[in-house]
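Dear colleague,

Please find below the sequence and structure that I am handing over to you. My notes on its pockets follow.

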Amino acid sequence: SHSRVQPAPARPPAVRAYMKAVLLIGNFSGSLRPLTLSQPLPLLRFCNRSLIFHQLQALKDAGISQVVICHPNKEVPADWTAAIEQLSGELGLKLVCSQETEPAGTAGALKHAEALVTDDGTNDAPFIVVNADVLCSYPLRDLLLAHLKHGREGTLLTTRSEEPSEYGVVVVDERTGGITHFVDRPETFVSDRINCGVYVFSPAIFERIRASSRVSMNELLPAMAKAEQLNSMLLSGYWVKLTSTRSYMGAVASHLEIARYLAPASLAESTADFTVTGNVMVHPSATIGKGCVVGPAVVIGPNCRVAEGVRLESCTLLEGAAVASHAIIRESVLGLGSSIGRWCFVNGSVLGEAVEVCEALLLNGATVLPQKQLERNIRSPEIVI
């Protein structure tokens, strides 16, 4: 009798060493003004690291070795190239920029980078795509494995939203995970799942995008769903789209909560001089005076100076911000090099770079553009230009 050769057992799909990712930057200013008037959105500090650092770190942790960064060639910050080189060295990632000369839309920007992503058509590995204005708990390895398992052209990360009509809704076949269709801003309840702006695609999708024309993901994805080439995976961790300074502050709280479990050493503890309550991150170069109470959900950036008797709660102090004695700062962001006078009460406010607030003032819901000096109270929401 002939002995049959047993086929080798199927090996689980490994994350390939040459897998790439794409980071999509729609524009540099984003909607986090006045903070982004001084720093482009990708380089804006979030928990004492640039936003783009968090995204690149997550991609590296998923086994990615090269990231193609798609961005428009308008309003490119002067220090952009230097910042990218520094990030590349720090993270040990190869970073390549793909600049669109004309606005191409989110899918068009991807098409523009096709040769870089596929090594001129020689690399058929799937690739990850992440939107630059999104932060989440990035289950990228799971997303890759889900993609390799179902074999469709795309896998989209979804999350449940309490306000799905704000975003546009994803309708999913719960048995298969396949996406059947999308509903833009539904007026009645259709589904509570929304698109996270995080994807895995196979290179086959490039054939679906017209070259040198403006194509958005909102055109590409429904066409893929219709062709039954789009699957979904539900995110269980936190997700935020940075559409406003309020969403930025909410994301800080979520990020610090995760740090409590994954990197507790990155969080501050109380000292003989000041009290920490909840999750607080303090840069080593910052100074905090006697009798301060800091937290919860507070981030203090490099070279910040907090004088004695200050109360900080749910706020971020960007690099070089200074708070004089006995001030209270709540649910606010203080821009680069901004300063708050003694006995001020700042609530629900966002200050741009180098804003100076004179002493004993109340700011409630103030949005202050860079380089302003404030000498009056702001009792109800106001933009100071």
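Which residues lie nearest the centre of the largest pocket, and how many residues line it? Please bear in mind that this is a predicted model. Thr-106, Asn-131, Asp-133, Asn-218 and Lys-241 lie nearest the centre, and the lining comprises 48 residues. Two or more lining residues come from each of helix H3 (105-112), strand E9 (169-172), strand E10 (179-183), strand E11 (193-201), helix H6 (217-226) and strand E13 (239-241). The greatest contribution is that of E11, which gives five residues. By residue class, the lining of the largest pocket divides into 23 nonpolar, 15 polar and 10 charged residues. The computed volume of this pocket is about 1200 Å³.

The second largest pocket has a volume of about 720 Å³. A total of 27 residues line this second pocket, and those closest to its centre are His-54, Gln-57, His-255, Ile-258 and Leu-262. At least two lining residues are supplied by each of helix H1 (51-61), strand E7 (134-136), helix H5 (140-150), helix H7 (245-262) and strand E15 (280-282). Which element gives the most to this lining? It is H1, with five residues. The lining of the second largest pocket consists of 17 nonpolar, seven polar and three charged residues.

With kind regards

Definitions and conventions: Residues numbered from 1 in each chain as written. Predicted model: local features only at pLDDT ≥ 70, side-chain atom pairs only at ≥ 80, totals over all residues. Heavy atoms only, no water. 1 Å grid on protein atoms, 1.4 Å probe; cavity = no way out; pocket = protein on both sides within 12 Å on 5 of 7 lines; lining within 4 Å. Points joined across faces, edges and corners; volume = space filled by probe spheres on them. Helix = DSSP H or I, 4+ residues; strand = E, 2+ residues; numbered from the N terminus. Nonpolar A, V, L, I, M, F, W, Y, C, P; charged D, E, K, R; others polar.
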